[in-house]
Amino acid sequence: MKVKKFVAPSMPEAMKMIRAELGNDAVILNSKVVHKGGFFGLFTKKNIEVIAAVDPKPARSAVTEKKGKSVEKLSERPVQEGKQLADAALLGEITELKAMLKQLSTNVTTNFATYPQPLNELNESLAAQELSNTLRQEMMGELVERWYLQRGEASKKQLLQWTKELLLKKMADLSFGGISFTKKYVNVVGPTGVGKTTTLAKIAAHCVLKHQKKVAFITTDTYRIAAIEQLKTYAKILDVPLEVCYNIDDFREAKKKFSVYDLIFIDTAGRNFRNQQYVQDLREIIDFDAEMETFLVLALTAKYTDMKTIYEQFSLVPIDRFIFTKLDETSQYGAMVNLMTESRVGAAYLTNGQNVPDDIIEATPEKIVNTVLGVD
């Protein structure tokens, strides 16, 4: 029997070499991925090493299966085995690449430079959107696998579509969309300066003008006189009543006064809901689970670490969904994906300006993903 080792860039090329030198009767004994060249372990090239053999005088030797079943000629096996091993080698490459991804340091952008250029460019684009390293590593592992299964023939459009599918999958079980109209109180919380009052007015205006709901305002933001005056202006324009509550007794009275209204919108001070006693007092008046829908308002101009800290501070009450403001004041949107996928909380609205009742968009997974990827 003649045995020989062949090294080629891919299994199909190795098979061509085997057939050319040993003929169609050759059988493959072993195959594996090997690395050659490089400098101090870097820039190595992957190759397929295949050990093949052929009997110069093929006899009618056969492999007898257990229990005396039918036999199979070795000469009939090479093509099938070659195909199986080619697939196995390809899957081996994919597995190895995915293992490498897990070992990458946090400097993902630099390390991904070793991957095919289209994938590297996509990763850099996601990094520019400030998508988290962890999320990008997970996604790139999936994208590398799909890339090699397509033999590296995927277009930029196809890569974007794959990326969109993966991001949508990450958010598949989250809750999206505006107010549900199933709860009487709509509570808007968040730090100062994110546009809570303006956002509340936009939502209330839609309820009045589009859904013909009977609406009232309550504000507990007595720390900023400007906030009260701003909400009074919106209340006058919409022709809806407003109560200013300085303490929990005022809130109790306002609740009684507005008992006949469909929806009561609560504008809170940026510091209130970080006060455990305030939250506990409010729980005695309102059942957060049965009566109140709470939205946490965050500005997309903030750093992700700050957004995460704010979420933790306000999580004394159940946060139903996020509202992301100032979409028009930044070009980086990955932070909202990071926050939603890590906290497992969806989004209700996106705002992109100061105009009331305009400049507000009901959030959907597709809208958010398209915004991050820069596609329509």
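Let's start at Pro357, which sits in the loop between strand 12 and strand 13 (360-362). Helices (H or I, at least four residues) and strands (E, at least two) are DSSP runs here, numbered from the N terminus. Pro357 is joined to Val356 by a cis peptide bond, with omega at about 10°.

Before going further, a word on what you're looking at: this is a predicted model, where local features need pLDDT of at least 70, side-chain atom pairs count only at pLDDT 80 or more, and totals for chains, interfaces and linings use all residues. Residues are numbered from 1 along each chain as its sequence is written, and side-chain values use heavy atoms, with hydrogens and water left out.

Zooming out, the chain has 13 helices and 13 strands. Of its 376 residues, 45% count as buried, where buried means under 20% relative accessible area, exposed means over 50%, and partly exposed is in between (1.4 Å probe, protein chains only). Contacts (heavy atoms within 4.5 Å) say something about how the chain is put together: among those between residues at least 6 apart in sequence, 72% join residues at least 24 apart.

Look for Phe176 in the loop between helix 6 (156-170) and strand 6. Its C-alpha is 6.2 Å from that of Ala363, although the two residues are 187 apart in sequence. Leaving aside residues up to four places away in sequence, Phe176 touches Met171, Arg321, Met340, Gly346, Ala347, Ala363, Thr364, Pro365 and Ile368.

Thr268 is 77 residues away from Pro191 in sequence, but the C-alpha atoms of the two are 9.5 Å apart in space.

Now for the aromatic rings. Rings of Phe, Tyr and Trp (its six-membered ring) pair if their centres lie within 6.5 Å; planes under 30 degrees apart count as stacked, over 60 as edge-to-face and the rest as tilted. By this rule there are 5 aromatic pairs. One of them is Phe295 with Tyr349, an edge-to-face pair at 6.4 Å centre to centre, with 70° between the planes. Phe295 belongs to strand 10 (residues 292-299) and Tyr349 to strand 12 (residues 346-351), so this pair ties together parts that are 54 residues apart in sequence. Phe295 is buried, at 0% relative accessible area, and Tyr349 counts as buried too, at 9%.

Phe322 and Phe324 make up a tilted pair, 5.6 Å centre to centre and with 40° between the planes. Both of these phenylalanines are buried. Ring pairs also bring in Tyr311, giving a cluster of Tyr311, Phe322 and Phe324.

Next, the helix packing. Two packed helices are described by the angle between their axes and the distance between the axes. The axes of helix 11 (residues 304-314) and helix 12 (residues 334-343) come within 10 Å and cross at roughly 40°. Axes are lines fitted to C-alpha atoms, for helices over the stretch in contact, with angles running from 0 to 180 degrees between N-to-C directions. The crossing of helix 11 and helix 12 is right-handed, that is, the near helix is turned clockwise from the far one, by less than a right angle.

On the helix 11 side, the contact is made by Tyr304, Met307, Lys308 and Tyr311; helix 12 brings Ala335, Asn338, Leu339, Glu342 and Ser343. Also in helix 11 is Phe314, which counts as buried at 0% relative accessibility. Glu130 is not a glycine, yet has a positive phi of about 65°. Glu130 lies in the loop between helix 4 (117-128) and helix 5 (133-149), and is partly exposed at 40% relative accessibility. Gln212, also not a glycine, has a positive phi of about 55°. You'll find Gln212 in the loop between helix 7 and strand 7 (215-219), where Gln212 counts as exposed at 59% relative accessibility.
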